[in-house]
Amino acid sequence: MRKRGHGSRGVAAAAVAALLGVAGLAGCDASGGNSPGPSGTSARAAKPSPKPTPAWDSSPRSLAAVGDSITRGFDACSVLSDCPEVSWATGTDLKVNSLAVRLLGPAGAAQRSWNYAQTGSRMTDLPGQMAQAATKKPELVTVMAGANDACRSSVSAMTSVAEFRTQFQDALTTLREALPKTQVYVSSVPDLKRLWSEGRTNQLSKQIWKLGICPSMLGDADALDSAATLRRDTVQDRVESYNSVLREVCAKDERCRFDGGAVFEYRFGTKQLSHWDWFHPSKNGQARLAEMAYAAVTSRTPPA
């Protein structure tokens, strides 16, 4: 298992504490030489209380989703078609029990959740989707994007890590400029190599993969030579780097929660994969994504 990037919150906290200590010393010097500093009520007035970290609201009253084909329920109901009613984020199908249904109830999910994800979209499309979502003033926005940045015609066509970081930062900035207090749940990018290994034993899936589903990972699905192995490993490394970016950028936003890598680590099996393409989540897979999202959103502490 490769090492993945993790947010260094302990180091950040130590750095903040050190800076506060320096600020405190500077405040004493500012009182003038050896003269005593202010005390009592004056001292309390001279030292404003630090701004508290906003509490995470585990029961938002509205929800908007942005992202790609997974959030649109692609291939979950019929071949090569969106099926948003089974979306893990905003779907109304009670068998999926989407995040919106869990948080808002069936009626609330129908009235106060909106799906702006688009099949085929990449991280470069996320700022535009965020702008659309902001018009509804949701209390929570879900993000699942990045698979299509790795699923390209070739490894050389994949979105660079630097571009991916800039685009994700731009998307969060777009949301923050409109809605400073809206919370954000960010899903990790799924383990694409795992999906390849599960689907490659099915002859029908391999025929559908030839239509252009994730060529960088799924192309020549039966090839096991060194070149094919290197190609898939390169895609997998890029996905892991994307997840590190999502973790790091989200950690800088006090109202953003990353899933801790839960979706990437989930072992999707045949029940969780679409039997139309053996790559996108089935209804069962969508339900598992909803479970992971709900656990992260309602947890008292952010996922590790």
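Good morning. I begin with helix H7 and helix H10, which pack at an angle of about 140° with their axes 9 Å apart; axes here are lines fitted to C-alpha atoms, for helices over the stretch in contact, and angles run from 0 to 180 degrees between N-to-C directions. H7 and H10 are therefore oblique to each other, given that angles under 35 degrees count as roughly parallel, over 145 as roughly antiparallel, 65 to 115 as roughly perpendicular and the rest as oblique. On the H7 side, Leu192, Lys193 and Trp196 meet Arg232, Asp233, Val235, Gln236 and Val239 of H10, where contact means heavy atoms within 4.5 Å. These residues divide into four nonpolar, one polar and three charged; Ala, Val, Leu, Ile, Met, Phe, Trp, Tyr, Cys and Pro count as nonpolar, Asp, Glu, Lys and Arg as charged, and the others, Gly among them, as polar.

A word on the basis. The model is predicted, with local features requiring pLDDT of at least 70 and side-chain atom pairs pLDDT 80 or more, while totals for chains, interfaces and linings use all residues. Residues are numbered from 1 along each chain as its sequence is written, and side-chain values use heavy atoms, with hydrogens and water left out. Helices are DSSP runs (H or I, at least four residues), numbered from the N terminus.

H10, residues 226-251, also packs against H6, at about 35° and with the axes 10 Å apart. This crossing is right-handed, that is, the near helix is turned clockwise from the far one by less than a right angle. From H6, Val161, Phe164, Arg165, Phe168, Gln169 and Leu172 take part, facing H10 residues that include Tyr242, Val245 and Leu246. By class, that contact has nine nonpolar, two polar and three charged residues.

H6, residues 161-178, has a further partner in H4, residues 126-134: their axes come within 8 Å and cross at roughly 15°. H4 and H6 are therefore roughly parallel to each other. H4 contributes Leu126, Pro127, Met130, Ala131 and Ala134, and among the H6 residues are Phe168, Leu172 and Leu175. Here the classes are 10 nonpolar, two polar and one charged.

How much space lies in the second largest pocket? The value is about 260 Å³. A pocket is an open set of points on a 1 Å grid, with protein on both sides within 12 Å along at least five of seven lines, whereas in a cavity a 1.4 Å probe fits but cannot get out; lining residues have an atom within 4 Å of a point. Of the 17 lining residues, Ser69, Asn148, Cys151, Cys214 and His280 are the closest to the pocket centre. H5 (147-150) and H7 (192-199) each supply at least two lining residues.

Finally, the structure holds one cavity of 30 Å³ or more. The largest cavity is lined by Ile70, Pro190, Leu195, Phe268, Leu273, Phe279 and Pro281, a lining with seven nonpolar, no polar and no charged residues.

Notes: Grid points are joined across faces, edges and corners, and a volume is the space filled by probe spheres set on the points.
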